[in-house]
Amino acid sequence: MLKAWHFKLMGAVAGLIGGLVYYDQVGCLGSCAIWSNPYISAGYGSLLGYLGISMFVDSKKEQSENDSSHS
């Protein structure tokens, strides 16, 4: 069974790939602070993917299930 952090990691990887694709396809030629560098673009994409998935994954539920299984 996939845990909450698996989904968050997949969101971060998808965001990283999305950031690189955005840099490659749309990008900006030197005047944009975020999208003109592929490393920064990938980092922001990864952060957005992680945060986007985190809104939908309930880690409190998983934590309470783990706590009750140890009792």
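Q: How much of the protein is buried?
A: In this predicted model, buried residues account for 20% of the 71 residues in the protein.

Q: And the accessible surface, what does that come to?
A: The protein has about 5400 Å² of accessible surface, and carbon and sulfur atoms contribute 65% of that area.

Q: Which secondary structure elements are there, and in what order?
A: There are three helices and zero strands. Read from the N terminus, the order is α-α-α.

Q: What share of the contacts joins residues at least 24 apart?
A: That share is 53%, taken among contacts between residues at least 6 apart in sequence.

Q: Let us turn to Ser-41. Where is it, and is it buried or exposed?
A: Ser-41 is located in helix H2, which covers residues 38-54. It is classed as buried because its relative accessibility is 0%, and the cut-off for buried is under 20%.

Q: Which residues does Ser-41 touch, beyond its neighbours in sequence?
A: Leaving aside residues within four places in sequence, Ser-41 contacts Gly-19, Leu-20, Tyr-23, Ile-34 and Trp-35.

Q: What does the side chain of Ser-41 have 2.6 Å away?
A: A polar atom of that side chain lies 2.6 Å from the backbone oxygen of Gly-19.

Q: Where is Val-21, and why does it count as partly exposed?
A: Val-21 is in helix H1, residues 4-25.

Note on methods. Residues are numbered from 1 along each chain as its sequence is written. This is a predicted model: local features need pLDDT of at least 70, side-chain atom pairs count only at pLDDT 80 or more; totals for chains, interfaces and linings use all residues. Side-chain values use heavy atoms; hydrogens and water are left out. Helices (H or I, at least four residues) and strands (E, at least two) are DSSP runs, numbered from the N terminus. Buried means under 20% relative accessible area, exposed over 50%, partly exposed in between (1.4 Å probe, protein chains only). A polar contact is a pair of N or O atoms within 3.5 Å; within protein, one must be able to donate a hydrogen and the other to accept it, and residues adjacent in sequence count only if both atoms are side-chain atoms. Contact means heavy atoms within 4.5 Å. Accessible areas come from the Shrake-Rupley method with a 1.4 Å probe; for residues, only the protein chains shown count as cover.
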